[in-house]
Amino acid sequence: MEIIVCKDYEEMSRKAAELSAEGLRQHPDGLLSFAGGDTPLGTVHAFADMVNKGEVDISRAHYVSLDEWVGLSNTDEGSCGLFNEREFFARLEKSFASRHIINGAAVDIEAERDALNAYFAAHGPLTVSVLGIGMNGHLGFNEDGVSFDLDAHIIPLSDTTKRVMSKYFGEKFHPTHGISQGIRQIMAAERVILIANGAHKADIIRQAITGPVTNAVPASVLQNHPNCYVVLDEAAAAKL
Ligand code: GLP
């Protein structure tokens, strides 16, 4: 793991976008994935700017979303899909060769999971995976206790995630499950970039990076990834 401590959120976002672009330049026909949530907002904006300025070419590359709340689609407020549409695709002046956004509102959610695995079979493995970290150490919706051997799957949300989730959609929606890329797909990525900012992430970052590799803290599995960057602001790095 290479740990990069940045002075603030802006610098973290710029660094993560640059590392993403560098990874994609090595494989211009590769597969890119960005987490949703608050953390990657600046990163996807910075990456979209780089694309628009011609600093990285996505015309032959593919894009896949990381995860989604079961019950929500890419038109629902608070969904990961809407994050992708609004914060990323709407800003891009160029198009990926193809993209796959998980539909958590699919009537047949198992078929949706299978479609995600099929997309990986066609365009994977990931070239660049940009991840956030949940307060319980989850990656995507790989919640504590998850098997590290899974590909895409549907999983009950942990109590911690249920506590935190109201920040995305208030009291309007109470999801019970997530659908997510699996740890196996994340660990097969050529380059993983884990980003975190803010003092509230300092404890879980310490556990994930300096604690034992355990599915009790899923992000700790990244200690075993051969090409993983951890890009933090000073507050998130404070307990390392
Ligand atoms: C969410 C998402 C993850 C995200 C994480 C952190 O629930 N499922 O993909 O990385 O939790 O979110 P945030 O960046 O808002 O703290």
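**Note on the predicted model: salt bridges, a helix and a pocket**

1. Arg-113 and Asp-114 pair in a salt bridge, with their closest N and O atoms 3.0 Å apart. The structure is a predicted model. Arg-113 counts as partly exposed, because its relative accessibility is 23%. Asp-114 is also partly exposed, at 41%. The count of salt bridges comes to nine.

2. A second salt bridge joins Asp-151 and Arg-184, at 3.1 Å from N to O. Asp-151 sits in the loop between strand 6 and strand 7 (153-156), and Arg-184 in helix 7 (residues 183-187), so the pair ties together parts that are 33 residues apart in sequence. Asp-151 has 27% relative accessibility and counts as partly exposed. Arg-184 is partly exposed too, with a relative accessible area of 44%.

3. Asp-203 and Arg-206 form another salt bridge, their closest N and O atoms being 3.0 Å apart. Both belong to helix 8 (residues 202-210); they are three residues apart, so about one helical turn separates them. In an α-helix, residues three or four places apart point the same way, because there are 3.6 residues a turn. Asp-203 is partly exposed at 34%. Arg-206 is partly exposed at 30%. Lys-239 is linked with Asp-203 and Arg-206 in a network of salt bridges.

4. His-100 lies in strand 5 (residues 98-100). Its relative accessibility is 14%, so His-100 counts as buried; the cut-off is under 20%. Beyond its neighbours within four places in sequence, His-100 contacts Tyr-63, Val-64, Ser-65, Glu-112, Ala-115, Leu-116 and Tyr-119.

5. Helix 1 (residues 9-26) has 18 residues. From first C-alpha to last, helix 1 reaches 26 Å, close to the 26 Å expected at 1.5 Å a residue. Its buried residues are Met-12, Ser-13, Ala-16, Ala-17, Leu-19, Ser-20, Ala-21, Gly-23 and Leu-24. The cover over these buried residues includes strand 1 (2-6), strand 2 (31-34), helix 2 (41-52), strand 6 (128-131), strand 9 (191-196) and strand 10 (228-233).

6. The largest pocket has a volume of about 630 Å³. Its lining has 33 residues, with Gly-36, Gly-37, Asp-38, Lys-167 and Tyr-168 nearest the centre. Strand 4 (67-69), helix 3 (80-89), helix 5 (159-164) and helix 6 (166-169) are the elements that give two or more residues to this lining. Helix 3 gives the largest share, five residues. By type, the lining divides into 13 nonpolar, 13 polar and seven charged residues.

Definitions and conventions:
Residues numbered from 1 in each chain as written. Predicted model: local features only at pLDDT ≥ 70, side-chain atom pairs only at ≥ 80, totals over all residues. Heavy atoms only, no water. 1 Å grid on protein atoms, 1.4 Å probe; cavity = no way out; pocket = protein on both sides within 12 Å on 5 of 7 lines; lining within 4 Å. Points joined across faces, edges and corners; volume = space filled by probe spheres on them. Helix = DSSP H or I, 4+ residues; strand = E, 2+ residues; numbered from the N terminus. Nonpolar A, V, L, I, M, F, W, Y, C, P; charged D, E, K, R; others polar. Buried < 20%, exposed > 50% of the residue type's maximum accessible area, 1.4 Å probe, protein only. Contact = heavy atoms within 4.5 Å. Expected span 1.5 Å × (residues − 1). Salt bridge = Lys/Arg side-chain N within 4 Å of Asp/Glu carboxyl O.
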